[in-house]
Amino acid sequence: MEILFENQHIVVCVKPVGMDSEHEVPTALGGETYPVHRLDKNVGGVMVYARTKAAAAALSKAIQDGTMVKEYVALVHGAPPESGDWTDLLFKDSSKNKVFVVKKERKGVKKARLEFTRLTEDDPSLVHVRLHTGRSHQIRVQFASRGFPLVGDHKYGAKDDSPAPMLFSCRLTFPLFGSEHRFEAMPEWARK
């Protein structure tokens, strides 16, 4: 696992696809390691972990306040618009571990917002995504619901041979103890 930065308060790493972000990654990092956000097991990318309770509280507050900015790259089937700002209502069916876009607010429904820019004109298209909310499977569901499932995302409609969703957390920006931090990494499949 690649370590991008480490000090007494935090460790920033590139989580590999296939590792559980809440259990396996902290064990691999060793020492006191507090998860403050998560990535699906089949998604890789930049993550920050706290090394102290004070850093965990500060990072959790940044997430809650929306000052932690999470950006992703994704490879999607089809050609979405050049850019967009999508807000949907999402409902998670925990028994199926699947999320659905719904029309009306009700118990268990959460608002989800993302902005994106299409980076390539091919099919599949490479898109850059900035999350404004961090809902379960959010990027996967919001693109699939509009007819642009992620390559490799068989749960949400992709019909290809890729073994995992082509989604990667490429940039994290957050404040911590008076300083702004920014970390980036790019998967091989997005370096075109």
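**A close look at one residue**

Tutor: L167 is found in strand β10, where helices (H or I, at least four residues) and strands (E, at least two) are DSSP runs numbered from the N terminus. The model is a predicted one, in which local features need pLDDT of at least 70 and side-chain atom pairs count only at pLDDT 80 or more, while totals for chains, interfaces and linings use all residues. Residues are numbered from 1 along each chain as its sequence is written, and side-chain values use heavy atoms, with hydrogens and water left out.

L167 counts as buried because its relative accessibility is 7%; buried means under 20% relative accessible area, exposed means over 50%, and partly exposed lies in between, with a 1.4 Å probe and protein chains only. Leaving aside residues up to four places away in sequence, L167 touches V43, G44, Y72, V73, A74, I139, R140, L150 and W189, a contact being heavy atoms within 4.5 Å. The C-alpha atoms of L167 and L126 are separated by 9.9 Å, although these two residues stand 41 residues apart along the chain.

A nonpolar core is a set of buried Ala, Val, Leu, Ile, Met, Phe, Trp, Tyr and Cys residues joined through side-chain atoms within 4.5 Å. The largest such core has 25 residues, of which I10, V48, L59, M68 and F174 touch the most other members. At least two residues of this core come from each of β2 (10-15), β4 (44-50), α2 (53-65), β5 (69-76) and β10 (167-176), and β10 gives the most, with 5 residues. Apart from this core lies another, of 23 residues, which includes L39, Y49, Y72 and A74. I10, for its part, touches F5, V48, Y49, A50, R51, A55, L59, F174 and L176, again without counting residues up to four places away in sequence.

Some loops deserve a careful look as well. Most residues other than glycine have a negative phi, and most peptide bonds are trans. Yet a cis peptide bond, with omega about 10 degrees, joins D123 and P124, and P124 has its place in the loop between β8 (109-118) and β9 (125-131). H137 lies in the loop between β9 and α3 (138-144) and has a positive phi, near 60 degrees, in a residue other than glycine; at 8% relative accessibility, H137 counts as buried. N97, in the loop between β6 (83-93) and β7 (98-102), also has a positive phi, of about 50 degrees, without being a glycine, but N97 is partly exposed, with a relative accessible area of 35%.

From the N terminus on, its elements run β-β-α-β-β-α-β-β-β-β-β-α-β-β. The radius of gyration of the chain is 17 Å, close to the 16 Å that the globule rule gives for 192 residues, so the chain is as compact as a globular protein of that length; this radius is taken over C-alpha atoms, and the rule is 2.2 Å times the number of residues to the power 0.38. Buried residues make up 49% of the 192 residues, and among contacts between residues at least 6 apart in sequence, 58% join residues at least 24 apart.
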